[in-house]
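Please examine the structure shown below, together with its sequence. A short report on selected local features comes after it.

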Amino acid sequence: MIKKDELYYPTEEFKKNAWVNDPKIYEEAGSDPVKFWEKLAKELFWFKPWKNGFLHKPPYFQWFAGGKINITSNIFERDWETRKDRTALIWEPEPVNEKPRIFTYTELLKEVCKCANYLKKMGVKKGDRVGIYLPMIPEAAVAMLACARIGAAHSVVFSAFSPDALRVRMQDTGAKVLITADGYYRGGKFIDLLKNAKDGIKETKIKKLAVVQRSGKTPWQEEKDFCKAAEMDSEDLQFILYTSGSTGKPKGCMHVCGGYTVQANWTGKWIFDFHKDDIFWCTSDLGWVTGHTYTIYSPLLNGITTLMFEGAPNFPAPDRWAQIIEKRGVTVFYTAPTAIRMFKSYGEDILKKYQFNKLRLLGSVGEPIDESAWLWYYNNVGKEKCPIVDTWWQTETGGILITSLPGMGPFKPAFTGLPFPGIKVEIKDGNLVILPPFAPGLLRGIYKNPKKYSETYWSQYGKKVYFTSDGAIIDKNGLIRIIGRVDDVIKVAGHRISTGEMEAAINGHQEISECAVIGILDEIKGEAPAVFAVYNGTRPAEEIKKEIISQIQKVIGPIALPKEVYLAADLPKTRSGKIMRRILKKLWAKEELGDLSTLANPESVDKIKKILYG
């Protein structure tokens with residue numbers, strides 16, 4: 001990349017080969033977003049064309065109304081002759097001595113048809129909901145695609161979620177079938193998933209359990225016939241995916257066939273600059289929306305190779321992720337800032353033997369990336385040549401809505417970038433909002449809860465403005481920086497302080513690999529920040545704490561000075577890498593912690609208890 005002042009730009013060579021390299025695209029898309037999205041939609045395969053591009057009855061809307069489509073027809077039947085022998089999916093198991101599994105598009109279609117016919121035999125019909133509680137094995141992708149093939153809405157539940165979490169979601173969907181597995185490997189351990197599944201379907205409507213063996217044996221092995229794709233209305237339900245907040249019942253985000261397919265196809269093609277020989281590794285589990293859209297649907301819609309990895313990226317050695325990139329010739333790598341900071345914490349020496357010659361583009365997702373992590377990623381993984389697309393989106397949006405396109409830039413550390421062409425955003429009172437005509441892949445409702453849908457997204461600025469719940473700022477170049485959830489704000493003596501901004505400042509310290517800031521009670525100020533920072537060095541703790549405070553003072557100012565600084569060896573995290581700040585708050589307040597089954601490192605909780613209470 002080329003650096004000009006604080007901004008970075010793609011090289012001329014990258015720019016020349018990129019799908020989008022002319023800024024006029026923003027002008028074209030902005031002048032008539034509906035016409036723009038319709039033009040993109042026309043390049044996909046539709047059984048029947050739509051009558052209306054965009055219909056709006058606030059807070060509800062439709063895209064491509066009257067059109068008939070199937071996402072799997074656009075993966076398999078479209079451009080079939082050019083992609084049928086191409087590799088569709090590479091699966092890397094966690095055990096290093098186990099054989100990987102590789103599927104061409106033809107082989108993947110056969111598996112999808114087998115599974116689709118098996119589901120039909122079980123009585124699953126178009127419009128039914130199917131639960132999927134599977135680990136990162138190829139059958140998870142097959143099950144999702146099979147549901148889409150026959151027009152059943154899948155609801156994937158993250159395999160590390162507890163039986164209770166599974167039960168709540170299955171009760172809400174009313175699914176009668178659940179696809180699960182006997183288990184999987186994670187961090188060298190074999191996890192018994194079937195036990196959790198059997199427990200989790202109690203008190204639900206699930207009548208049939210389909211069990212995949214981790215060895216690759218499936219209940220649909222005998223099914224052979226081709227399965228024709230169901231013709232789905234553009235606004236038919238494609239899938240339900242639950243977002244779990246810190247309080248209350250999880251929300252079932254409803255995504256529909258037409259708009260989601262269009263958005264998944266084009267955001268992947270332009271943001272990751274997909275070309276036919278690309279090998280794309282998105283490290284997200286399929287239990288999250290990132291896994292849905294950018295591990296499965298988007299790369300396959302674009303006819304490229306997607307890579308799935310079963311295990312932990314640092315097992316059995318800290319450089320396992322780097323080994324996989326090198327071994328498989330990964331060209332585009334998409335991961336979370338938490339993972340980047342973890343890689344960074346192992347030091348640069350372990351990367352000296354890796355050239356990453358095939359890598360040409362990097363991505364970041366899940367939370368705002370701080371400047372030090374961005375620069376480490378750029379220098380040590382991207383070797384100062386790969387554009388970094390820092391992406392903002394949500395479970396609700398279905399696909400990426402803000403990032404600088406790699407063929408143009410500009411890129412700025414800690415700034416997400418520009419809205420995707422055809423997306424209109426504004427920052428009102430520090431809050432990021434989306435304006436009509438909205439993204440085609442934006443959720444159409446919360447399953448069985450229209451009241452919650454209206455209250456959560458459409459009540460703050462009226463029924464025509466989508467409220468993201470994220471705070472943001474914009475710089476002189478029009479680049480947007482996400483500063484965290486609106487509820488991740490501490491009010492210190494009447495001043496609003498973003499925990500995300502504080503964390504970014506602390507992560508600038510060379511010896512802190514990651515941190516979390518929470519608000520704690522303060523008799524005078526009402527609330528004050530408390531810092532939990534990961535430090536595994538040998539210098540005196542008090543010295544490091546003073547440096548952290550000094551860093552905050554320098555970057556933000558005295559108003560943000562923490563009341564407490566705690567140094568820990570690790571912080572409680574989910575398997576997707578998100579730090580559980582909610583647990584830290586409860587630990588500090590000595591409250592009941594609740595279900596910890598989703599944690600990747602439950603042992604960290606006891607260690608932090610000792611730090612807090614002795």
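The model is a predicted one.

**Helix pairs**

Two packed helices are described by the angle between their axes and the distance between the axes.

| Helix pair | Angle between axes | Distance between axes |
|---|---|---|
| α2 (residues 24–31) and α3 (residues 33–41) | about 110° | 5 Å |
| α12 (residues 337–345) and α13 | about 70° | 10 Å |
| α17 (residues 581–589) and α18 (residues 603–613) | about 40° | 10 Å |

Helices α2 and α3 pack at about 110°, and they are therefore roughly perpendicular to each other. On the α2 side, the contact is made by I25, E28, A29, G30 and S31, which meet P33, F36 and K39 of α3. Sorted by class, the residues of this contact of α2 with α3 comprise four nonpolar, two polar and two charged.

Helices α12 and α13 pack at an angle of about 70°, which makes α12 roughly perpendicular to α13. Their crossing is left-handed. From α12, the residues I340, R341, F343 and K344 meet S372, A373, W376 and Y377 of α13. The contact of α12 with α13 has five nonpolar residues, one polar residue and two charged residues.

For helices α17 and α18, the angle is about 40°, so α17 is oblique to α18. The crossing of α17 past α18 is right-handed. In this pair, I583, L584, L587 and W588 of α17 meet V605, I608, K609, L612 and Y613 of α18. The contact of α17 with α18 divides into eight nonpolar residues, no polar residue and one charged residue.

**The second largest pocket**

Rolling a probe the size of a water molecule over the atoms shows where empty space is left. In this model, the second largest pocket holds about 320 Å³ of space. Its lining consists of 19 residues, and those nearest the centre of the pocket are E371, S372, P413, A414 and R481. By class, the lining of this pocket has nine nonpolar, three polar and seven charged residues.

Which helices each supply at least two residues of the lining of the second largest pocket? They are α13 (371–381), α15 (499–506) and α16 (541–555).

**Backbone geometry**

Most residues other than glycine have a negative phi, and most peptide bonds are trans. The following sites depart from that pattern.

A cis peptide bond joins F315 and P316, with an omega of about 0°. The loop that holds P316 runs between β18 (305–309) and α11 (320–328). Another cis peptide bond joins P436 and P437, where omega is about 15°. Residue P437 is located in the loop between β23 (431–435) and β24 (445–446).

Residue F64 belongs to strand β4, which covers residues 60–65.

Key: Residues are numbered from 1 along each chain as its sequence is written. This is a predicted model: local features need pLDDT of at least 70, side-chain atom pairs count only at pLDDT 80 or more; totals for chains, interfaces and linings use all residues. Side-chain values use heavy atoms; hydrogens and water are left out. On a 1 Å grid over the protein atoms alone, a cavity is a set of points where a 1.4 Å probe fits but cannot get out, and a pocket is an open set with protein on both sides within 12 Å along at least five of seven lines; lining residues have an atom within 4 Å of a point. Grid points are joined across faces, edges and corners, and a volume is the space filled by probe spheres set on the points. Helices (H or I, at least four residues) and strands (E, at least two) are DSSP runs, numbered from the N terminus. Ala, Val, Leu, Ile, Met, Phe, Trp, Tyr, Cys and Pro count as nonpolar, Asp, Glu, Lys and Arg as charged, and the others, Gly among them, as polar. Axes are lines fitted to C-alpha atoms, for helices over the stretch in contact, and angles run from 0 to 180 degrees between N-to-C directions. Angles under 35 degrees count as roughly parallel, over 145 as roughly antiparallel, 65 to 115 as roughly perpendicular and the rest as oblique. A crossing is left-handed if the near helix is turned anticlockwise from the far one by less than a right angle, and right-handed if clockwise. Contact means heavy atoms within 4.5 Å.
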